[in-house]
Amino acid sequence: MSNSSQQDMTAQLIIISGPSGVGKSTICRELVRRLDNVYLNVSTTTREKKTGEQDGKEYWFVSRNEFEKRIKAGKFLEYAEVFGNLYGTGKDKVLRALDNGKIVLLEIDVQGALQVKKLYPAAKLIFILPPKQTELQKRIDGRGRDDQKDIEKRLAGAGIEIAAAWQYYKYLVINDDLQQAVQEIIEIITKPAGEQK
């Protein structure tokens with residue numbers, strides 16, 4: 001159940017980042033379940049849809065040509081090329097949600113987070129860390145979504161992202177216990193900026 005302090009909150013932009021397999025999507029779904037007035041953005045990508053994925057649920061899947069048209073039309077808040085595919089955050093729905101006083105969750109990578117932070121200095125950047133590197137490999141393997149080449153690329157990228165997180169992110173949360181990690185993030189979101197640690 002949500003308490004009244006969560007219901008009285010004003011618009012915020014919350015960015016959740018972290019390496020592949022760290023549990024970002026699961027954490028974001030839990031935040032939506034446990035907080036009132038939250039809008040979880042769905043990113044747009046040019047990557048192929050994997051088995052079981054649905055358009056508008058995991059991502060909005062578009063062609064590279066369509067993505068590039070949207071870049072030219074200024075439709076993205078941020079975008080980046082990752083592992084040969086384009087990923088972006090559509091501007092319209094995010095701005096509408098902020099105008100409506102919602103807590104907006106963006107699950108995006110470090111490159112995208114830094115682009116958004118330039119536009120919205122008040123955005124809270126939260127980086128999710130694995131308890132240890134070997135755990136990350138187990139989680140990526142356990143998803144059964146990636147081939148060996150993808151797994152190697154993702155693990156190599158994880159080290160770079162974690163190094164950037166130490167430099168640019170104010171909040172680092174270790175996802176060793178899901179409920180504890182979610183609770184820590186809820187505290188970050190619900191505390192007024194002046195009271196942050």
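## Helix H5 and its buried face

In this predicted model, helix H5 spans residues 110-119, and Val110, Gly112, Ala113 and Val116 are buried there. If you look down the axis of H5, those buried residues fall within an arc of 155°, so they line one face of the helix.

## Helix H2: one side in, one side out

Helix H2 can be read in a similar way. Its buried residues are Lys24, Ile27, Cys28, Glu30 and Leu31. They cover an arc of only 160° around the axis, which puts them on the same side of H2. Turn to the other side of H2 and you will find Arg29 and Arg33, which are exposed.

What lies over the buried residues of H2? The cover includes strand E1 (12-17), strand E2, strand E7 (103-107), strand E8 (124-129) and helix H8.

## How H2 meets H8

Helix H2 (residues 24-34) packs against helix H8 (residues 178-190) at an angle of about 60°, and their axes are 10 Å apart. Angles from 65 to 115 degrees would count as roughly perpendicular and those under 35 as roughly parallel, so this pair is classed as oblique. The crossing of H2 past H8 is right-handed.

From H2, the residues making the contact are Thr26, Ile27, Glu30, Leu31 and Arg34. H8 brings Leu178, Gln179, Ala181, Val182, Gln183, Ile185, Ile186 and Ile189 to the contact. Sorted by class, the contact has eight nonpolar, three polar and two charged residues.

Trp60 sits in strand E4 (residues 60-61). Is this tryptophan buried, exposed or partly exposed? Its relative accessibility is 34%, and Trp60 therefore counts as partly exposed.

Setting aside neighbours within four places in sequence, Trp60 is in contact with Val42, Ser43, Thr44, Thr45, Asp55 and Lys93. To place Trp60 against another part of the chain, take Gly88: the two are 28 residues apart in sequence, and their C-alpha atoms are separated by 9.6 Å.

Two residues other than glycine have a positive phi: Asn37, with a value near 60°, and Phe83, with a value near 50°. You can find Asn37 in the loop between H2 and strand E2 (38-40), while Phe83 is in the loop between strand E5 (76-82) and strand E6 (85-90). Asn37 has a relative accessible area of 29% and is partly exposed. Phe83 is partly exposed too, with a relative accessible area of 36%.

Ser63 belongs to the loop between E4 and helix H3 (64-72). Its relative accessibility is 41%, which makes Ser63 partly exposed. The C-alpha atom of Ser63 is 9.1 Å from that of Glu48, a residue 15 places away along the chain.

## The chain as a whole

The chain has 197 residues, of which 43% count as buried.

Methods:
Residues numbered from 1 in each chain as written. Predicted model: local features only at pLDDT ≥ 70, side-chain atom pairs only at ≥ 80, totals over all residues. Heavy atoms only, no water. Axes fitted to C-alpha atoms, helices over the stretch in contact; angles between N-to-C directions. Helix = DSSP H or I, 4+ residues; strand = E, 2+ residues; numbered from the N terminus. Parallel < 35°, antiparallel > 145°, perpendicular 65-115°, else oblique. Left-handed = near helix turned anticlockwise from the far one by under 90°. Contact = heavy atoms within 4.5 Å. Nonpolar A, V, L, I, M, F, W, Y, C, P; charged D, E, K, R; others polar. Buried < 20%, exposed > 50% of the residue type's maximum accessible area, 1.4 Å probe, protein only. Arc of directions from axis to C-beta.
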